[in-house]
Structure formats: C-alpha cells, structure tokens
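Morning, everyone. Please have a look at the model on the screen, and then I'll walk you through a few details.

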Amino acid sequence: MNKQLFINEIQALFDEVQRSRIFEDQKMMTDAVPLLPVSEINAEYEKMKHSEGFDLKGFVMKHFDFLGARVSIQRDDRLPIGEHIEKLWDELTRDAYEEKGTLLKLPKPYIVPGGRFNEFFYWDSYFIMLGLQASGRTGMMENIVENCSYLIQNVGFVPNASRTHFLSRSQPPYFSLMLELLFETTGDEEIYKKYHDTLEKEYAFWMKGEERLENDSAIKRVVKTENGNLLNRYYDAENAPRPESYLIDIEDHEGALNEEFYRNIRSACESGWDFSSRWFADGEHIQTIETLNIAEVDLNCLLWHLEQSLAKSSASHGLAEKEYYFMERAAVRRQMINTYFWDENTRFYKDYHLKKHIHTPSEHIAALYPLFLKLADPKQAESVARNIAEKFLYKGGLVTTTKKSGQQWDLPNAWAPYQWLGFKAMKNYGFNELAEQIKNNWCGNVERVYGNTGKLMEKYNALDTETIAGGGEYPNQDGFGWTNGVYLKLKQN
C-alpha cells in the first residue's frame with residue numbers, strides 16, 4: 001500500500017491554502033485529488049505565487065478535483081424514516097479500488113458516514129453494521145469486516161479513516177466486536193478461524209512496546225502503572241497539526257504549555273471523542289489537553305474483548321497454548337479494569353490519570369463499557385445505572401458528559417453510539433425500563449428532527465430537542481451512518 005502523503009509533497013501550497021481560509025472547511029483541501037502530477041503543480045505554484053494578481057483559490061480549483069468532498073442528500077419526497085434509511089444505504093455506498101489523492105485503496109465497497117465524511121471510518125462502521133444487520137444487508141457487513149482486515153494486514157491497524165493523513169492513528173478497536181456481530185448474524189463458525197491472524201495483528205499494534213516498559217512509564221499505546229500493571233491509552237505517532245484541521249490546531253496551540261499539544265489533540269481523535277472536557281486538565285480549555293496522561297476505561301474494555309476473541313480464535317485453530325495465554329490476559333485485564341477505573345467514591349467508572357495516580361474528575365458516558373461487555377458486578381451495575389438515569393438521561397437521549405464546555409463531545413449532545421451502548425448495557429443487567437427510556441427518548445428525538453428537516457444528523461441536542469446540535473470544529477452533518485444504524489437496531493429491539 002502506498003503510504004506517501006501527497007499533502008507533504010505540496011506542503012507550501014497546502015500551508016498557504018489552509019492559512020488563507022479559502023475554504024470554509026479545512027477538510028476540503030485534504031480530500032482534494034490532484035489533476036496533474038504533484039511535481040508539475042508545485043512547479044507552477046512556485047512560478048506563479050508571487051505574480052501580481054495571483055488567484056490562490058482559482059489556482060487550486062484548476063489543479064484539483066473536489067468531486068465528492070461534500071455530500072448532502074436532499075429529497076423532494078419525505079419518505080417514512082425507515083424507508084429513507086434504506087435508500088440512504090445505497091446513496092452512502094462507495095468503492096475505492098484505487099488510490100486517489102489522500103484516499104486509500106480498499107478491496108470492498110463500504111458505507112460512508114455522510115456530509116463532509118466521504119471515506120471509510122473505523123468505529124463508525126461497527127454502528128453502521130448494526131443497521132445493516134437490521135436491514136438484512138449481510139453482504140455489506142462482510143465487506144466492512146474485509147476492509148478492516150485488509151487495512152490491518154497491509155497497514156498494521158485500521159486507521160481513523162481511509163486517508164493517508166490518518167496513518168498515524170487508529171480509532172476505538174471495534175474489529176473483534178464486528179466479528180462477533182457478523183457471527184451472530186451468520187452463525188458461521190469459520191469467522192473466528194478466518195480472521196485469527198488479523199486479530200493478532202491488531203492486538204500487536206495496541207500492545208507494541210510492552211516488553212520494554214518499566215513501572216510508571218508509557219510507550220505508544222501501552223502503559224505500565226507504578227504498581228507494574230499493564231493498561232492502554234490512546235496515542236498518535238505524529239506531533240504536528242492535523243491536516244484536516246490545520247489552522248484550527250495552529251490557533252489552538254497558542255497559549256498551550258504542553259510541548260506535545262498536537263499529539264494530545266491527535267490522541268483524542270484516536271478515541272473518537274474530538275473533543276471533550278474529558279481530556280482537559282482544567283476541564284474547560286483545549287489548550288490544557290492531556291490525553292496522553294490518561295488511561296481510558298472504554299479502550300481497556302475493548303481490548304479485553306479483543307483478548308477474549310483471540311482466545312476464541314486460537315481455540316478454533318486448536319492452539320491450546322495461545323488460547324490459555326489470551327484467556328489469562330483477558331482475566332488480568334478484567335481485574336485491572338475494576339482496580340483502576342472503578343471509583344468507589346462516586347460508584348461510577350472513570351478514566352485513570354497516569355501521572356497523578358488518581359481518577360480523572362470527568363463524569364462521562366464511556367462508563368457504560370463495563371456494563372456493555374458484562375464486566376461489572378451487579379452492585380456496580382446498579383450504581384452506574386442510577387448515575388446514568390440521574391445525570392445523563394434527558395428527553396432527547398443520553399449525553400456524553402455532565403459538563404457543558406462548547407465541545408461537541410460534551411453536554412448537551414447525544415451521539416448514536418452511546419444510545420446503543422446504554423440500551424444494551426441496561427438490558428444486560430435487567431434494567432429494562434431504563435433501557436426502554438433511553439431508546440424511546442433518543443429515537444423520538446431522531447424522528448422529531450427528521451420530521452422537521454428531512455435529515456438524519458451526526459449528533460443531537462438531548463436537552464433542547466427543538467434545536468440542532470452544535471459545538472465542535474464543523475457544522476452538524478447529515479447522512480448519517482451511525483445514526484441510521486443505531487436507529488434501525490433500536491427500533492428492532
């Protein structure tokens with residue numbers, strides 16, 4: 001796979017375009033496809049850039065193709081929401097059998113989220129798969145798994161999204177849950193056998209460097225606590241502005257004291273939560289972001305699931321030693337999840353601060369993961385459920401945190417993934433009434449917004465269901481892959 005970033009090849013032009021704000025959305029230039037060899041574009045730019053009356057935007061529009069950079073689905077007819085989503089599956093389907101600009105080649109068609117997001121996204125695709133299962137589209141579910149496997153085999157991991165500038169980070173590792181969902185759908189016993197090697201490769205990516213760790217230290221995504229226990233954190237290999245948010249990062253960097261500010265920003269992006277007060281040392285300002293100092297409850301729960309899946313896939317190959325090894329690793333991690341992430345004072349799961357050796361103060365919805373994966377005991381689950389009902393559930397669904405910061409992964413926004421995780425978590429422990437309330441509040445919000453706008457949104461305002469959700473670095477998007485998927489799956493349950 002060609003990993004060359006054409007953005008690096010046109011760095012001077014790219015820098016001027018982003019700093020000049022010739023596009024409202026900085027992602028536009030990262031998605032552009034060169035119409036000529038990059039060396040020719042560079043040569044012409046260098047020759048013309050200082051000439052009188054040089055039109056930068058005109059130059060860019062002449063030399064790059066922006067087809068598909070923004071996708072907004074408009075219809076004159078207002079279909080019932082379920083029929084609308086069924087049509088959306090086809091309209092959001094893409095293929096990428098060759099590399100174009102920053103877009104990575106993938107072997108199978110896939111579903112894009114929609115709006116400005118016109119590429120394959122990792123954790124989005126799991127929640128999209130929930131809806132594909134509800135729609136009976138097993139073939140597309142298999143495509144998504146195949147694309148993830150292709151990326152893991154060829155890149156070593158599933159990038160944040162299928163573009164070259166995401167080759168420094170992943171997203172929450174949902175591949176093992178994708179396999180579980182596909183197995184649930186097809187009953188095919190060969191699935192775990194087929195993807196054993198892929199599971200091992202993804203696990204190696206997340207655990208890289210563990211053998212060199214000393215107590216109270218970190219290497220990439222793996223950390224060793226002061227007591228010598230292994231945990232994981234989100235991480236990005238690069239410490240530079242994100243190309244897709246280039247000028248935003250440069251401006252936010254002003255006033256930041258952390259020399260790894262850009263890597264902390266990018267590491268938060270690996271979590272999918274870009275951005276939230278969850279990552280801020282002062283709980284308020286992005287300049288205090290310290291993602292690298294945090295071991296996250298969600299990530300460690302997902303890696304427990306990966307270890308469990310590796311034990312299962314090892315058994316399918318008759319690899320008894322490996323099966324035992326991964327069963328042991330999963331058992332230890334389960335214990336560590338309750339040791340490091342359970343806060344007895346608040347009776348809630350929280351992230352763990354690796355430098356301060358205490359829980360972070362942020363109350364957030366990722367506390368659902370131990371219940372979603374059945375890792376909590378009944379008393380813990382009861383306390384989490386009470387916290388969720390009292391602090392997170394509003395008339396428009398579950399919010400992500402209890403803090404209003406202006407960031408999109410904070411109050412008052414409700415995101416599709418956590419409605420499914422919340423519903424399933426409560427069902428797992430018999431809190432059926434609360435599960436139904438979560439489902440009905442959010443689905444009702446989705447239906448209300450669809451009735452008013454004809455659109456399915458990336459996120460929703462859980463407090464004021466008459467308004468469109470906001471916050472973040474770009475406007476709310478329509479489409480929208482994981483909203484469609486979770487809505488269909490919840491309505492089926």
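Predicted model: local features only at pLDDT ≥ 70, side-chain atom pairs only at ≥ 80, totals over all residues.

Residues are numbered from 1 along each chain as its sequence is written, and side-chain values use heavy atoms, with hydrogens and water left out.

Rings first. Rings of Phe, Tyr and Trp (its six-membered ring) pair if their centres lie within 6.5 Å; planes under 30 degrees apart are stacked, over 60 edge-to-face, the rest tilted. That rule gives 40 aromatic pairs. Why is the pair of Trp 342 and Tyr 349 edge-to-face? Because their planes stand at 65°, with the ring centres 4.8 Å apart.

Now charges. A charge sits over a ring if NZ of Lys or CZ of Arg is within 6 Å of the ring centre and within 35 degrees of the ring normal. Arg 278 lies over the face of Trp 273, 4.6 Å from the ring centre. Arg 78 has its charged end over the ring of Tyr 450, at 5.9 Å from the centre.

Last, the sheet. Strands are DSSP runs of E, at least two residues, numbered from the N terminus. Two of them pair if DSSP finds at least two bridges between them. Here, three strands make an open, antiparallel sheet, ordered β5-β6-β7. β5 (217-219) and β7 (230-232) are the edges, each pairing on one side only. β5 meets β6 (residues 222-224) over three bridges. Ile 219 stands opposite Val 222 in β6.

Key. Helix = DSSP H or I, 4+ residues; strand = E, 2+ residues; numbered from the N terminus.
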